Structures are given as structure tokens and as C-alpha cells.
Amino acid sequence: MADQIPLYPVRSAAAAAANRKRAAYYSASGPGPGADRHSRYQLEDESAHLDEMPLMMSEEGFENEESDYHTLPRARIMQRKRGLEWFVCDGWKFLCTSCCDWLINICQRKKELKARTVWLGCPEKCEEKHPRNSIKNQKYNVFTFIPGGFVLAVTMTREAIDEFRRFQRDKEVNSQLYSKLTVRGKVQVKSSDIQVGDLIIVEKNQRIPSDMVFLRTSEKAGSCFIRTDQLDGETDWKLKVAVSCTQRLPALGDLFSINAYVYAQKPQMDIHSFEGTFTREDSDPPIHESLSIENTLWASTIVASGTVIGVVIYTGKETRSVMNTSNPKNKVGLLDLELNRLTKALFLALVALSVVMVTLQGFVGPWYRNLFRFLLLFSYIIPISLRVNLDMGKAVYGWMMMKDENIPGTVVRTSTIPEELGRLVYLLTDKTGTLTQNEMIFKRLHLGTVSYGADTMDEIQSHVRDSYSQMQSQAGGNNTGSTPPRKAQSSAPKVRKSVSSRIHEAVKAIVLCHNVTPVYESRAGVTGETEFAEADQDFSDENRTYQASSPDEVALVQWTESVGLTLVSRDLTSMQLKTPSGQVLSFCILQLFPFTSESKRMGIIVRDESTAEITFYMKGADVAMSPIVQYNDWLEEECGNMAREGLRTLVVAKKALTEEQYQDFESRYTQAKLSMHDRSLKVAAVVESLERELELLCLTGVEDQLQADVRPTLEMLRNAGIKIWMLTGDKLETATCIAKSSHLVSRTQDIHIFRQVTSRGEAHLELNAFRRKHDCALVISGDSLEVCLKYYEHEFVELACQCPAVVCCRCSPTQKAHIVTLLQQHTGRRTCAIGDGGNDVSMIQAADCGIGIEGKEGKQASLAADFSIRQFRHIGRLLMVHGRNSYKRSAALGQFVMHRGLIISTMQAVFSSVFYFASVPLYQGFLMVGYATVYTMFPVFSLVLDQDVKPEMAMLYPELYKDLTKVWASGRLSASRLALTPGILHE
């Protein structure tokens, strides 16, 4: 592929020669200090030799020394000039830029963030001054809108209206009333008046106004649910736990009778972690309780159950939600930039024409007055009213998009770039929830020797029913204690288990190892022992739903319900299951280790209340679970098989614990959680002591179904000349399978899977192998991509851009945005990013045109995007019809407005030439103003309703869209320039 592209790591030849001279000098110096320098410069000389070597060599001829590898510059650089020549050419720019940056840093110096001690109910004890708890989303101030002229009034009015609406929304949020708990009782305060240290009461379905530590709740279990869809894009409820010391207080007013404080870490962006301690000093001994993410209530989340009381720790711009809100850049369309350049060219033509007229006049008399007169007479060359016409046209385009019945629910949030939809070359899309429905369906269960699919689930159901019937009959026949089962369990691994017992253990592990909570219509959840009787009545409720942070976990629990083992109740300390015969099994939750992106697994320790057995269950990704389970010869192969079928895999394992083992673990775990230094590392080390030699139970496969009409939509976009890149955080095999099933990559097309590389040498060889491929899709992981961009950024992007499709798996949100920026910088083409989750926001904001989908992961991507749609298939009509029409209409509108100015200026030039180059106007002033505005506005503005082909034809022949993005051999030539050419020739 692209053999003409030279893949040369670049280093200045002069620098290499200098290295050789230095090496020769130190070699001649003899032994001593120079000998050490000699070895160092010898290495540098070898590194220079590597950089001058062409990127086409075999593995035998390549020697890999990490000490020689240096990050390469993006382009070839010349030797830096010095002295007066350097100052005249580049030095003055460098000095001016440095001075400006220094002044900007002085003016915009940020306040240093520090940890804090917050006294309960005593804001006046705070030693430092904290920001007000108000929200400010405005981009401008009152001085921004000083009137600048009639032409700019339309644009300024539109921006002012948008700004006023943002001000109203902010005022509405900041004016919301909350109950503040004081010594005298409850008082009502505005959200903007809340201070660090205040005790705030938040009711059900009310927004949390600031970051707080969860002290107390009306729920008897000491926990509550919150909705975080506006914070992290996830629609599932999150379980939060109150501080046990304050939850145990008899009355609400007792919070002021204790002397306690919260130590909180300094404000930071990470919404998934928190470290702090709660200390009560008036007890003997003082009570110290560690605080984690489950004890926090972040701002902009919603209380879903009960009433909560919290102490405010962060306010205003120090809250997690505000710190994670990046200031979106003001996007300017390429058409606007091109028209600006054309306007500058017309201004130069205006000056040149005026100078020519004065020159032909012979510089007689006060020639400078005549020069300014000619500048005024020919000023109609400048299309001053073009901005007004374009802004009004863009408003019409947005209205047409939102009123299109074929794409209902479309929202235009940025009205300044509708033409960008007609000039796209690269489309970067998320996978989960965008190309797929994010609706998980359980498809496969593999036990090592036997596999069960959708057509054999009835066998699992019969095995589960028989095993629990047998257990119930044995329990009724003899009353056994907890010791015999534990002996039987300890000897179980020595004998081969039956298929029925293995299915029983696998289903039991799946229904216990999760963070799912059943929710009923009658109430938000089971709360407290007094409601267990009521919960028994609801166990058969048809309206039972499950809430979890991951749809995969919900799919697993729903599957266990279908085979007979149902999760009917859960709180912080217990879990109840219902067997096929209706018997309720109770388990005590001893510890819970939630899933994190770093560990890629979650675990739970439970005690069976009937047998007192303690079991540690764990599930996670195959890459995280393979090293910690017992030896097996089938896990890796079956994971690959399921991934090739497009299934998301999870490995489930367990480990039996004795009472002594658990007590030892609990003491070490509690001590690690109380540590204020490197707490996360110490906690992870303690948990890893359990994660050894786990018994592998099963492998599960869950399918994420494709969105409706994904295949024809992707085919249409390809025919329109748009290159599609899929950026996902999923594993390589699953991403490749989805790319094939969605026809992102045709089945007859070759796929080059970029192997895992960790060093510059490996990337060097792999790029050589990749460049030999022709017309094949590229699949690369995020780690390998990072290495390639570190050493061979320019070369890699050049090769990847020539692929018909690119799939990047295991990508972080930051990497997604980085890829978008690279495409913009290296190709200069227009990019579009589309996604549905909070992890896609950075990619959407970085792209020239961002499209959000309202999906199951919330509305965060939709609210941050320039355009919002309901389904992925709507993007076809949005681009092929509305994007194409918007671009062609604006280009024609720009042509006619400029053509109009050229006509009147040409007539003025001919008139002045006939009358001895006199600077006399051809028409009166009001007539000229009316000609440029009112008289010709409606005929010209009617172009925004122009339609060259019907929408059905534009959808049927997407090749019409490709014509708008063609590039001439001499360089990019936009449609606006092409449209202007006939007008100039006509003159």
C-alpha cells in the first residue's frame, strides 16, 4: 500500500555529523572522564544511523536498543539559524510569542487546589475562601455586545439570544431552593448560596446541588440510589452508602450534638474515585471511618430513592461535574473560512483598483482624497451583507432539519455549521450503543467440556430444577450442620464433578456475583428487615426490573431468572434468591469489590446463611481472569471463538474461604482502607492476595444486537466517498466481528490486524509489513496505536488514511479525541464524530461536526453534540439530503452576493473611466444601499430554498455527495470558489 510514501524516521544530518565529531574528539582524549562520554556519544551515533535508515528492513537486520529510541519530530526540520539572520527570519516571532505567553500566564494564573478539613454545620470555621456554589455557562459579558454596525447586528443578536437563554437556564438552576439543616432547624437556601460545611437535605427526584459526603438517609438500610446520567452518561442507578457513624444517630438533630469533621482530598476530575476520612472527636476513643466513592453524592446527579442528608465538601467550579466540563471550542465552518479568505482577496482587489484609478488620473491635486473616494465608490465589491444572508440561511437549514418527518427527533444545537454536513470525508463512530443497540442478550454458556446455546437453555433449566429439588429433599431428610458441607466442598476438586453440579455452581455464581438490585413498581427497592414480609409478596411481581451500572450484568441476572434462579431482593448486607420450587435462599454480603477499568473485573464475598459457607466469587474479562484461575486448556480458545461470533465474554470463577482466612483478610482490608497515602494501591494489594488459584466455573457470552438499518446506512456512506473509522473500547475480536457483521468491512475484503507492539523497533517492522498490503482494512489496538503515534505519527496516519476502513479497539476517550485531531492536522479534511455515551463527548467536541445519539447511556453525548439524532440510520438522510443541500445553497448564495457587488462596481469603474477617472458616484447613496440590501435581498435569499434533485434521488445516488468533496490535483478547490468563477468570467 502506498509504496510511494517514504517511511523515514527523520533526524538532522548535521546533528548526526556533529555526534560523530564529538565521538572522535572524546576517543582521542584517552582514558579518563572522556571515556564515559565516548560510550554515550557512540550510542547517539548509532541512534542517528538508525534514524537515517529507510523504514524497509527485515527482522534480521534490525537491532533493537531502547536506549537509542527517541521521539521523532513530525516533519523534517532544518538546522536552526543563529545570529542576526535568525532574529530577522524567526527570532522576532519567537520573542513576541514568548512575551505574550508570559503575560497570558500571569493574567490567567489558576488558584492552587488543596485538601481541606470540613466541620459539620460550621462553614465559618473554614480557613480558606471557597468559590460560590453557582453555575456559570455564559461565554460572554455585557461588554461583548457593544453594537458594531447594522451588518453584524444579526449575528450579534443571535448570539445574544443564545447567551440570554443560557443565562436564564443558569439562573433557574442557581435559584433552586434546598433545605439547610441548622441548629435552629431547617431553613430554605438558594443553590448559589450553599457553602462548604453546610448540611443539606435533598429530597427524592431532586438534583444534588454540590459535591457532598453522604451522612444520613431516611432509608432504613442506610443506602440510597442516585441517577448519574447527566454526569457519566449511564442511565442505570448507582447505590450509595451513608456514613455508618452518622446513620446510627437516633435523631436528625443529633448531627449538631457531635464534634466531627470530614477530611477530603483536593478537588480533582476523576468522578470514579474519592479518598477521605470521617472523624468523630467527642467519643472515647475517637472514631475514624474511611470514605470512598460509595459515600459521595456528586453534583448534577438525582436522588432516586429516599431523602438524603450530606455535608458539602466542594462547591461551584471545584465540583466534579464542572471540572469535567471542557469549554467547547467555537466551531467555524470551512465555508465561512473560505469566504473570509475570498473577502480579503476582494479587499485587495478594491485597493488595487482604487490605486489604478488614481494612477490613471495622474495624481493630480489632493490625490489621497480621490483615493479614499474611490475606496468608498468601489466598496460594494466587499460582500458586507453576505454574513446576514448566510446567518438567515443557516437558520432556515436548521429549521428544515428539525421539521423533517423522515428523521424525527433531530435537534440542531449549533446553527453555524450546517454546511459542514455536506463536506465530510471522515466519519468516526463509536460501536456500543451507536452501531449496536446496547441491549444485551445472553447467548452462550461454556463449562469447559460442554457448551449451551439459545436452543439448549431448557436443559440448563431442568438441571437447575433437579439440583435444587434434590438439595431440598436432602435438607428435609436430615438436619446437617455447616461442617459436613465444608468437608465435602474441600474434597470436591479431587473428583470429577457431574454436569448437573457444574451447571448448578455456575448459575449460582452468576446470580450472586454482580452489583444488580431488583426494583419494584411499589417502591424503589427492598429496605430493611421490617419490609421483608412485604418483599415476599412482591417476589412474583411481573413488574420487577433490575438496575445496575452495566447492561451486561442485567442480561446475566435476567438469564438466571429464565432458568429458574431469581434474584428477588438485595440491600447493602444481604441478598435473597428464589429457587424454582419457591424456596428463598439468603446470603450475607461480606465484601464487594466493584468493577474498575484498571482491574477489568469485579468480586464479592458472601456467606450462605443456611450452611455458613463463605465463598469468594469473581468475574471479569478474559485478559484479567486468565492469570488468576487454575490451569486449563480451553479458556483462551473458547474466548476467541465467542469473540469471533460477536459475543462479549465474561469469565466466572470462585474460591472457598474458611472463617480464619476471611477474618485475616478483613483485618488487612480494613487497615488498607483507612490509609491516607496510596490507599488504592494498598487496597488492591490486599484484594490480590485472594485472587490466586481461583476455580474456573464457566465462560458466558452476551450479544449486543445491531441497530436498525446499520448495513445499508454504512454502504450508503461508503458510496458517498466517506471513510469510516470505528473507535471502541471493546476487545479486538469483538470489534472485528462487529465490523464484519455491520458490513463496515466487506466479507471479501482483507483485514490487516496490527499485532501488539511495545517498542519502536517492533512498530518499525510492523509498519513495513502493513505498507505492503493493498486495499485492506486496518484493525489496531489502543496500546499499539499509542506506540506508533509516539515514534511514527506522520507515517502511520499517511498509511491509515488510505485504508477503506479502520477499526481502533481498546480506545480510551482521550485517544478517540486524539485520533480526530490527528486526522484534522494531517489531512486537512472535514471530520465528523458520532457517539451516544459520555465517553464519546471529547471525540464529538474535537471533531469539525459532532453528532450525538440519544441512547441507553443517557443524553450526555446528545447534549454536547452539534446535531442530535435518535438512530444511527438517520445520519444517511442528514448528510445526503440536508448536508448536501445546505452546502450547495450557501455556495450559490455566496456566489450571487459577490456577483452582485462585482456588477455594480464594474459599472462604477466604467463610468469613472469614461469621465476622465472622476471620483463621482454613478447612483445616489440611498439607491446603492437599497440595491445592496432590500431590492435584491429576496431574489438572492430565495436560493436557500433551491433544490437541484429530489431527496429520494439524493438518497438513491449517494455518489452525488462525493462530487462536493473532490480535490483538484493543484490543491483543494471549494465549491464556493467554483461558484464564484462564472461570475468573474461573466464580468
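## Cores and strand pairing in a predicted model

Of the 987 residues of the protein, 49% count as buried. The structure is a predicted model, and the protein contains 33 helices and 33 strands. Its accessible surface comes to about 48,100 Å², and carbon and sulfur atoms account for 55% of that area. When contacts between residues at least 6 apart in sequence are considered, 72% of them join residues at least 24 apart.

In soluble globular proteins, nonpolar side chains tend to be buried together. Here, the largest nonpolar core has 42 residues, and Leu 445, Ile 460 and Trp 559 have the most contacts inside it. Helix 13 (residues 499-512) supplies the largest share of this core, namely seven residues. A second, separate core has 40 residues, including Tyr 792, Cys 801, Ala 817 and Leu 823.

Leaving aside residues up to four places away in sequence, Trp 559 touches Phe 442, Leu 445, Met 457, Ile 460, Val 507 and Ile 510.

The pairings of strand 16 (residues 436-446) are listed below.

| Partner of strand 16 | Sense | Bridges |
|---|---|---|
| Strand 26 (residues 695-706) | antiparallel | seven bridges |
| Strand 17 (residues 451-452) | antiparallel | two bridges |

Individual residues illustrate these pairings. Arg 444 has Gly 701 in strand 26 as its bridge partner, whereas His 446 stands opposite Ser 451 in strand 17. Strand 16 and strand 17 form a hairpin with four residues between the strands. In this hairpin, Gly 448 takes a positive phi near 105 degrees.

Terms used: Residues are numbered from 1 along each chain as its sequence is written. This is a predicted model: local features need pLDDT of at least 70, side-chain atom pairs count only at pLDDT 80 or more; totals for chains, interfaces and linings use all residues. Side-chain values use heavy atoms; hydrogens and water are left out. A nonpolar core is a set of buried Ala, Val, Leu, Ile, Met, Phe, Trp, Tyr and Cys residues joined through side-chain atoms within 4.5 Å. Buried means under 20% relative accessible area, exposed over 50%, partly exposed in between (1.4 Å probe, protein chains only). Contact means heavy atoms within 4.5 Å. Two strands pair if DSSP finds at least two bridges between them. Accessible areas come from the Shrake-Rupley method with a 1.4 Å probe; for residues, only the protein chains shown count as cover.
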